[in-house]
Amino acid sequence: MAARELGYRIHALDPDPSCAARFVVEQCITAPFDDALAAAWLAHHVGVVTIEIESIAHAALLAAAEHAPVRPGPDILAMIQDRVAQKTWLADHGFPVGPFRVARSEVELREGLGALSGPCFVKAARGGYDGRGQHEAASRADAAATWEALGRGPCVAELRLSLEAELSVLVARSPSGEVAVHPPAMNHHEQRILAWSVLPAPLPAPLLRRAEEIGRALADKMKIEGLLVVELFLVGGALLVNALAPRPPHS
């Protein structure tokens, strides 16, 4: 709707024939998010492609990229879609994250839980949303049950933290490298689902500036073209990056 207000003509692709976008766009293609042919057809008829959900198949993104710029790009989206790749990338590039361990087997999960030595949230590498694809593990004794619950696939064990607040910051970066950062929001979750947000966040100005700095630094390091949402935890007065999303945030 915001794009329409700016005068853009919009085409959309969604698997739901009754999706909300259908009623505000010129054309809506009903197709699964892994339909490369449909993605290519969409891209062939537009000037640029973007997304509002990150669960788009990589093959579909690559197919679209053959006909129009895809922003954010397929490689960035592939990294964000995989929690193992995302968390590892953040740590390898020096961004602040909480203690975690990657596990690709039940043995590695047991070892990781032992190394973290405390209650953990274990998250499947792919899929999951609003708390789905996650399992709580109190200790390494829970490794077997957790491994089974998450489908016996790659996962990330994250030490449970005592949170003072949860924030998100939206960053937009143009192909030329121009960056705009929106004021951070403070978010409140219930049952791991966003219940409400306060924007701008009622937190000290230096903390909000730090959140904006982290968002800007991430967008520049990734050289992202398009939108990036950085979800942050406030722990012990410091900000830690929890997760990234390449789309408009719920907050």
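Predicted model: local features only at pLDDT ≥ 70, side-chain atom pairs only at ≥ 80, totals over all residues.

Start with the big picture: the chain has eight helices and 12 strands. Its radius of gyration is 19 Å, close to the 18 Å that the globule rule gives for 251 residues, so the chain is as compact as a globular protein of that length. Along its principal axes, the C-alpha trace spans about 55 × 45 × 30 Å. Buried residues account for 41% of the 251. And if you take the contacts with a separation of 6 or more, 54% of them join residues 24 or more positions apart.

Now head inside. The largest nonpolar core has 35 residues, and Leu-232 is one of those that touch the most other members, along with Leu-167, Leu-218, Met-222, Val-230, Val-241 and Leu-244. Elements that give two or more residues to this core include β7 (165-173), β11 (226-235) and β12 (238-245), but α8 gives the most, with seven. Zoom in on Leu-232: leaving aside neighbours within four places in sequence, its contacts include Leu-167, Val-169, Ala-211, Ile-214 and Val-241. Apart from this core lies another one, of 17 residues, with Leu-42, Ala-43, Val-49 and Ala-68 among them.

Finally, come back out. The chain exposes about 13000 Å², and carbon and sulfur atoms supply 54% of that. Check out Phe-23, in the loop between β1 (11-14) and β2 (27-30). Is Phe-23 buried or exposed? It counts as exposed, because its relative accessibility is 64%, and the cut-off for exposed is over 50%. Together with Met-1 and Val-24, Phe-23 forms a nonpolar surface patch with about 370 Å² of accessible area.

Note on methods
Residues numbered from 1 in each chain as written. Heavy atoms only, no water. Patch = residues over 30% accessible without salt bridge, like charges linked within 9 Å, V, L, I, M, F, W, Y side chains within 5 Å. Areas by Shrake-Rupley, 256 points an atom, 1.4 Å probe, with all protein chains shown as cover. Salt bridge = Lys/Arg side-chain N within 4 Å of Asp/Glu carboxyl O. Helix = DSSP H or I, 4+ residues; strand = E, 2+ residues; numbered from the N terminus. Buried < 20%, exposed > 50% of the residue type's maximum accessible area, 1.4 Å probe, protein only. Rg over C-alpha atoms; globule rule 2.2 N^0.38 Å. Contact = heavy atoms within 4.5 Å. Core = buried A, V, L, I, M, F, W, Y, C linked by side-chain atoms within 4.5 Å.
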